[in-house]
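Me: I have just opened this structure and would like to learn how to read it. Could you take me through its features one at a time?

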Amino acid sequence: MTNQTPVLRIRNIKKRYGDNEVLNGVSLELNRGAIKVIIGPSGGGKSTLLHCINFLVGLDEGQVYLNGTEIIEGRKRELTAYRQKVGMIFQDFNLFDHLNALHNVMIGPVRVKKLPKSEAREKAIAELERVGLKDHMMKYPAQLSGGQKQRVSIARALAMDPEVMLLDEPTSALDPELIGEVHEVIRGLASGGMTMLLVTHEVGFASSLANEIFFMEEGKIVEQGPPQKILFNAECLRTREFCSKISRLHNNSS
Ligand code: ADP
Ligand code: MG
């Protein structure tokens, strides 16, 4: 592996559900520390792409490489190791409701990494502190706000020491006043050098954070480039139309 080897590389991913061709040959690369944002209309395949990258759903065609090594879905042990290195953040948090914040964060290190409980607990507390939730760690999801729940889910991913994080509209289920606290945590990860692939329609946030933006529609990356170009000066008419729509909606977000 050289410095130029992308941390994550996906090549020509295709996925269909029945007759619905959801991903129609998607390729992209993330170098270490890169932050790339995917935007595009609902139903365009953004979530499916992230799910395919993490093998939450099987690919029909294409390859996924971590640090230059192809990940083969059938090799269960390698897949488990890979999933530890690729953290996933979902729109609706996906926390265990019957576990408090601390145990939600501890469960991966205990079950998957096989850390001793005391070590997992220490790690979980450190990650909860990093997302500003140390004082709330004994609370259950029902006792937390949406922003706090999403921060627990980020702490849970961090507890596995991921090399890459995939974030699928992490703030779209939140009330507007709670978006900022989650953005702040993601900015902290960015300044710590985390490699991230992020689906978001928060224009201000995306343009201040991303190295590159992909516009995805009907299972394809239609256009890609620096944030200012894609968001405000795209070549493709569809990209321009979409971006002007989301800019009007989100022009106050940061
Ligand atoms: P986006 O995240 O861009 O809104 P999705 O990846 O969620 O798009 O969905 C893309 C398309 O795939 C949609 O037409 C959706 O209905 C279809 N789809 C997604 N998941 C499934 C599934 N599990 N079974 C069948 N169709 C699905
Ligand atoms: Mg989606």
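**Reading the sheets, helices and rings**

Me: Which residue of β8 is the bridge partner of I35?
Reply: In β8, I35 has M196 as its bridge partner. Helices (H or I, at least four residues) and strands (E, at least two) are DSSP runs, numbered from the N terminus, and two strands pair if DSSP finds at least two bridges between them. Here β3 (residues 35-39) and β8 (residues 195-199) run parallel and are joined by four bridges.

Me: Before we go on, what kind of model is this, and how are its parts numbered?
Reply: This is a predicted model, in which local features need pLDDT of at least 70 and side-chain atom pairs count only at pLDDT 80 or more, while totals for chains, interfaces and linings use all residues. Residues are numbered from 1 along each chain as its sequence is written, chains are lettered from A and ligands numbered from 1 in the order in which they are written, and side-chain values use heavy atoms, with hydrogens and water left out.

Me: What is the strand order in the open sheet of six strands?
Reply: Read across the sheet, the order is β6-β7-β8-β3-β9-β10, and the pairing is mixed. At the edges are β6 (86-89) and β10 (220-225), each of which pairs on one side only. From one strand to the next, the twist averages 20°.

Me: Which helix lies across β6 and β7?
Reply: For directions, axes are lines fitted to C-alpha atoms, for helices over the stretch in contact, and angles run from 0 to 180 degrees between N-to-C directions. Contact means heavy atoms within 4.5 Å. Helix α2 (residues 76-85) lies across β6 and β7 (164-168), running at about 60° to β6.

Me: What is the order in the open sheet of four strands?
Reply: This sheet has antiparallel pairing and the order β2-β1-β4-β5. The edge strands β2 (20-30) and β5 (69-70) each have a single partner strand, so one side of each has no neighbour in the sheet. Within the sheet, β1 (residues 8-17) and β4 (residues 61-66) pair over five bridges in the antiparallel sense, and R9 stands opposite Y65 in β4. Helix α1 (residues 46-53) packs on this sheet and touches β1, β2 and β4, its direction making about 120° with that of β1.

Me: At what angle do α5 and α6 pack?
Reply: Angles under 35 degrees count as roughly parallel, over 145 as roughly antiparallel, 65 to 115 as roughly perpendicular and the rest as oblique. Helix α5 and helix α6 (residues 176-191) pack at about 20°, with axes 8 Å apart, which makes α5 roughly parallel to α6. Among the contact residues are I154 and L158 of α5 and V182 and V185 of α6.

Me: And at what angle do α4 and α5 pack?
Reply: Helix α4 (residues 117-130) packs with helix α5 (residues 146-158) at an angle of about 135°, and their axes are 9 Å apart. That makes α4 oblique to α5. The contact is made by K123, E127, L128 and R130 of α4 and V152, A155 and L158 of α5.

Me: How many aromatic pairs does the structure hold?
Reply: A pair of aromatic rings is described by the distance of the centres and the angle of the planes. Rings of Phe, Tyr and Trp (its six-membered ring) pair if their centres lie within 6.5 Å; planes under 30 degrees apart count as stacked, over 60 as edge-to-face and the rest as tilted. The structure holds two such pairs. In one of them, the ring centres of F55 and Y82 are 5.7 Å apart and the planes are at 75°, so the pair is edge-to-face. F55 is in the loop between α1 and β4 and Y82 is in helix α2, 27 residues apart, so to speak a link between distant parts of the chain.
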